[in-house]
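User: Could you zoom in on the disulfide bonding here and walk me through it? I'd like to know what surrounds that part too.

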Amino acid sequence: MLALLMMAQVAAATMPMPSFLTGCWEQRSGESWTEECWTAPRGGLMIGSGRTGKGDTVSHWEYMRIERGADGALTFYGSPRGAPAVGFKATEADGKQVIFVNPAHDYPQRVRYVATGDRIDAEVSLADGTKPERWRYRRAGSPRK
């Protein structure tokens with residue numbers, strides 16, 4: 001049992017920071033929009049922000065961070081509208097995707113980002129993937145296709 005725990009800690013410590021998130025990303029549909037911006041990883045930390053709205057009206061916003069803990073594990077923290085941050089531990093990360101899970105949280109329980117070519121696909125859901133909400137971001141300022 002101790003060997004399995006040690007292997008899990010080593011695996012967590014070797015998960016790469018999701019540097020593919022670096023920059024600003026947006027999804028637009030008519031006047032509706034969602035944006036996320038992430039700093040480059042530095043010192044085991046990435047800082048993010050997100051907002052959603054329509055036209056000039058912001059309907060939702062969130063502070064986020066991804067950090068590597070003292071144990072080497074990656075954790076995503078979300079703070080919607082400035083509420084106390086909730087942590088989600090990384091369960092998978094390979095340089096093109098990262099999945100964070102907190103089964104004790106009400107909703108979401110899972111946060112997933114995947115790099116798909118010149119886009120970022122984001123999803124929040126229950127831990128098993130049900131009840132998903134999805135966003136397909138392109139780099140902010142890039143031409144629409």
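Analyst: For a disulfide to count, two cysteine sulfur atoms have to sit within 2.5 Å of each other. This is a predicted model, where local features need pLDDT of at least 70 and side-chain atom pairs pLDDT 80 or more, while totals for chains, interfaces and linings use all residues. Numbering runs from 1 along each chain as its sequence is written, and side-chain values use heavy atoms, leaving out hydrogens and water.

There's 1 disulfide in the structure: the sulfurs of Cys-24 and Cys-37 are 2.2 Å apart. It ties together distant parts of the chain, with Cys-24 in strand 1 (residues 23-29) and Cys-37, 13 residues away, in strand 2 (residues 32-38); strands here are DSSP E runs of at least two residues. The S-S torsion of Cys-24 and Cys-37 comes out at about 120°, so this disulfide is right-handed.

Buried or exposed? Cys-24 has 35% relative accessibility, so it counts as partly exposed (between 20% and 50%, using a 1.4 Å probe and protein chains only). Cys-37, at 27%, is partly exposed as well.

Strand 2 turns up again at the largest pocket: it gives two or more residues to the lining, and so do strand 4 and strand 10 (133-139), among others. That pocket holds about 490 Å³ of space. Its lining has 25 residues, with His-60, Glu-62, Pro-108, Val-124 and Trp-135 nearest the centre (a pocket is an open set of points on a 1 Å grid over the protein atoms alone, where a 1.4 Å probe fits, with protein on both sides within 12 Å along at least five of seven lines; lining residues have an atom within 4 Å of a point).

Key:
Helix = DSSP H or I, 4+ residues; strand = E, 2+ residues; numbered from the N terminus. Points joined across faces, edges and corners; volume = space filled by probe spheres on them.
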